[in-house]
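Please look over the sequence and the model first.

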Amino acid sequence: MNPSLKFLLAVLIALEISFTSTWMVNLALAIIGLLIILTSRPPLKRLVLLFFVPLIPAVALAVAILLQSNAGMHFALVLFTRIYAYVFVGSAATLTTSVSDLVMSLEQNAHIPSKFAYGFLGAFDLLPKIVSEVNVIRAAGNMRGQALHIWSPQLYFKAILASLDWSENLAEAMTSHGFSEGAPRTYFKQIRVHWWDWCIMISSLLLLQIALFGLHLQ
Amino acid sequence: MKYSNAWHLRDIILLTLIAIFFGVIYWVIGPLYNVLTVALTPVGLGPGANDVVMGIWVMAGPLSGYIFKKVGSATLGEFLGSVVEMFLGGQWGASTMISGVVQGVASELGFTFTGYKRYDWFSLNLSVLTTTIVTFGWDMIRNGYSKYHIGLLIALFIIRLISTWIFSGLLVKAIVKLLDRTHLMQTQSR
């Protein structure tokens, strides 16, 4: 499926189930999400984490409803399944799409300006460097007997200084390689929206409405 | 000082880099949130963990609003932070983006109400307030907060307000103060 439409669909579904309370639909969505995740053959560790990590907030919300409100078992079940629907539908989109495919599709299909697409992509590729920079900053602090915690302004300050430096370099590098803002571009990898993308999108949303209203009217 | 509203490549890269730093930090505190939730669950206060760490989740918004001083920068900063977290393998998948937009718009409102003219302690506090109110409203719908007894609801709101004030207010102010002393951010107005 086209990456932009896939993410749009996942977000729309998540939004819709935030406002409805039908646990069967939530469960069905979670199962469909899980099936899509399984087709992408994720590593076993990832899959186990995907099952257990949502368990924490899901149980927390359900227990809180049972102990701290009069809403009862049904609503607790709704919240519990809602969390799983969120996570599985959301991960079904993220695990089957690469960052660059999504960004390319957003540029070509959703027509976001190319400076945003390539600016984001360029910065995103610095991710490993940033993770190591955080470690370097903390190590440098430790060497001076200064422990940097999540609440230390110096940690963020140094991170922003590094970002300033790199953003200047990266922007210059991109410009010197011929990138110019707003100029028309040709694409090495063309991403199209096919008719079946729209079909999947519209029919999934229709099915969701039918399921929600059908169960609601009962 | 007059700030331009146009986004240039360098700004976009800088914003993304800052968002990535925060995305990495969010990702690092993921476990903290989980541990706290587990600890509070037996007494039915598990969702409170969300309110305790809320200030950290929403920091990128007011900080980028303050640094870039452009319309939409707080929203974009927070949103990109959530996108980065999503691709790092945060626990919520694509749904993270919804929270990102809600939190971003929430912190943006503080600057909107001052007409994007004031960037000081007042607008920062206003942003803390709008962030708390809007994100709390969202949790009332999404996480079923609206069903709680009123006492707990008020307690959760106050916890969230304090957390947001400490991180998105005090800490952001301290960071911005350090940045202002370097005079590096003035290049932003080009």
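The points below are grouped by topic.

The model is a predicted one. In it, 58 residues of chain A are in contact with 47 residues of chain B.

**Contact between the chains**

- On the side of chain A that touches chain B, the elements giving two or more residues are α1 (3-19), α4 (55-68), α5 (72-94), α7 (114-124), α8 (127-143) and α9 (153-176) of chain A.
- Among these elements, α9(A) supplies the largest share of that side, with 13 residues.
- By residue class, the side of chain A that touches chain B consists of 45 nonpolar, 10 polar and three charged residues.

**Domains of chain A**

- The domain assignment divides chain A into domain 1 (3-99 + 194-217) and domain 2 (114-176).
- A distance of 34 Å separates the C-alpha centres of domain 1 of chain A and domain 2 of chain A.

**Helix α7 of chain A**

- The helix α7(A) is mostly covered, as eight of its 11 residues are buried.
- The buried residues in α7(A) are A:Lys115, A:Ala117, A:Tyr118, A:Gly119, A:Phe120, A:Gly122, A:Ala123 and A:Phe124.

**Annotated regions of chain A**

- An unreviewed UniProt entry places the feature "transmembrane region" at residues 6-35, 47-67, 73-95 and 195-217 of chain A.
- In the model, residues 6-35 of chain A are 90% helix and 0% strand, and the C-alpha atoms at the ends of this stretch are 15 Å apart.
- Residues 73-95 of chain A are 96% helix and 0% strand, with end C-alpha atoms 32 Å apart.

**Fold and dimensions of chain B**

- Chain B has seven helices and zero strands, and its pattern along the sequence reads α-α-α-α-α-α-α.
- The radius of gyration of chain B is 16 Å, close to the 16 Å that the globule rule gives for 190 residues, so chain B is as compact as a globular protein of that length.
- The C-alpha trace of chain B spans about 55 × 35 × 25 Å along its principal axes.
- Of the 190 residues in chain B, 57% count as buried.
- Among contacts in chain B with a separation of 6 or more, 70% are between residues 24 or more positions apart.

Methods: Residues are numbered from 1 along each chain as its sequence is written. Chains are lettered from A and ligands numbered from 1 in the order in which they are written. This is a predicted model: local features need pLDDT of at least 70, side-chain atom pairs count only at pLDDT 80 or more; totals for chains, interfaces and linings use all residues. Two residues are in contact if their C-beta atoms, placed from the backbone, lie within 7 Å. Helices (H or I, at least four residues) and strands (E, at least two) are DSSP runs, numbered from the N terminus. Ala, Val, Leu, Ile, Met, Phe, Trp, Tyr, Cys and Pro count as nonpolar, Asp, Glu, Lys and Arg as charged, and the others, Gly among them, as polar. The radius of gyration is taken over C-alpha atoms; the globule rule is 2.2 Å times the number of residues to the power 0.38. A residue is buried if 20 or more other C-beta atoms lie within 10 Å of its own, exposed if 12 or fewer, and partly exposed in between; C-beta atoms are placed from the backbone. UniProt positions are given in the numbering used here, feature names are shortened, and annotations may be inferred rather than shown by experiment. Domain bounds come from an automatic or database domain assignment.
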